[in-house]
Amino acid sequence: IKRPLLQNMKRPPEAGGPVRRGNVVVVTSALAGEGKTFVSTNLAMSIAMEIDHAAMLIDGDVLRPAVFKRLNLKPQTGLMDVLLSRQFSAADLLVATNVPKLTLMNSGTGQDRAEELLASVAMEHFLDELSATYHDRVIIIDSPPLLVTTESRVLAERAGQVILVVEADQTPREQIVRAFETLAECPIVMSVLNKAQANET
């Protein structure tokens, strides 16, 4: 999965690369429970193992944050807090891990208008800051499902690359089609078939 992402980061726009924020990758799905957090976490760890790359994993699923829970970490200040207050910077919120080139950012303090914050100008500026300041890292955002909130579509459109996770034999075809339709304005969209069973013959 990671190899095309890394190749796209190096490819100029005229050769099919992202126009902007090529190092910002949103991982999403049509519906909840398809395994996007699993894919986000493992993708970030895999990229961190690369010789020439590092990874930052942000829990952007503000409705159902799961990254820190999956990694047995205590919730703490994160994305929502930096969008609401200028007293925080990205560097203040990054959490080091026992993987040398992997850092994490939590979803942050729950907010009544968390979904709207993802679609705000503040988020736009924050992504610009992250992409430029941490240009040497692949910034992976675990996003809310596309068909659950409209804000997740806005977030995907602001990323340089998008990965759509599809649960094998479970996600209805019409939902997959709708998810791809919502990503029509995104520059680069790839998909991952998750939970597929190998056929033994």
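Modeller: We can go from the overall build to the sheet, then to one residue and the cores. Please keep in mind throughout that this is a predicted model.

Colleague: Fine. What does the secondary structure come to?

Modeller: The protein has nine helices and seven strands. Its radius of gyration is 16 Å, close to the 17 Å that the globule rule gives for 201 residues, so the protein is as compact as a globular protein of that length. Along the principal axes, the C-alpha atoms fill a box of roughly 55 × 40 × 35 Å.

Colleague: And how much of it counts as buried?

Modeller: Of the 201 residues, 53% count as buried, while the protein exposes about 10,300 Å², with carbon and sulfur atoms supplying 50% of that area.

Colleague: Now the sheet. In what order do the strands come?

Modeller: The seven strands form an open sheet with mixed pairing, in the order β3-β4-β2-β5-β1-β6-β7. The edge strands, each pairing on one side only, are β3 (95-96) and β7 (189-194).

Colleague: How many bridges join β6 to β7?

Modeller: Six bridges join β6, which covers residues 161-167, to β7, and the two strands run parallel. Within that pairing, Val-166 stands opposite Leu-193 of β7.

Colleague: Which strands does helix α1 lie across?

Modeller: Helix α1, residues 2-10, lies across β1 (24-29), β5 (137-142), β6 and β7, and it runs at about 165° to β6.

Colleague: Back to β7, then: is Val-192 buried or exposed?

Modeller: Val-192, which is found in strand β7, has a relative accessible area of 15%, and since the cut-off for buried is under 20%, it counts as buried.

Colleague: What does it touch?

Modeller: Not counting residues up to four places away in sequence, Val-192 touches Ile-1, Val-39, Ile-163, Leu-164, Val-165 and Val-166. Leu-164 is 28 residues away from Val-192 along the chain, and their C-alpha atoms are separated by 6.2 Å.

Colleague: Last topic: which residues have the most contacts inside the largest nonpolar core?

Modeller: Those are Leu-79 and Phe-126, in a core of 34 residues. Apart from that core lies another of 22 residues, among them Leu-6, Val-27, Leu-43 and Ala-55.

Colleague: And what is Leu-79 in contact with?

Modeller: Leaving aside neighbours within four places in sequence, the contacts of Leu-79 include Ile-58, Met-105, Leu-118, Met-123 and Phe-126, and also Asp-59 and Asn-106. In soluble globular proteins, nonpolar side chains tend to be buried together.

Notes
Residues numbered from 1 in each chain as written. Predicted model: local features only at pLDDT ≥ 70, side-chain atom pairs only at ≥ 80, totals over all residues. Heavy atoms only, no water. Pairing = 2+ DSSP bridges. Helix = DSSP H or I, 4+ residues; strand = E, 2+ residues; numbered from the N terminus. Contact = heavy atoms within 4.5 Å. Axes fitted to C-alpha atoms, helices over the stretch in contact; angles between N-to-C directions. Core = buried A, V, L, I, M, F, W, Y, C linked by side-chain atoms within 4.5 Å. Buried < 20%, exposed > 50% of the residue type's maximum accessible area, 1.4 Å probe, protein only. Rg over C-alpha atoms; globule rule 2.2 N^0.38 Å. Areas by Shrake-Rupley, 256 points an atom, 1.4 Å probe, with all protein chains shown as cover.
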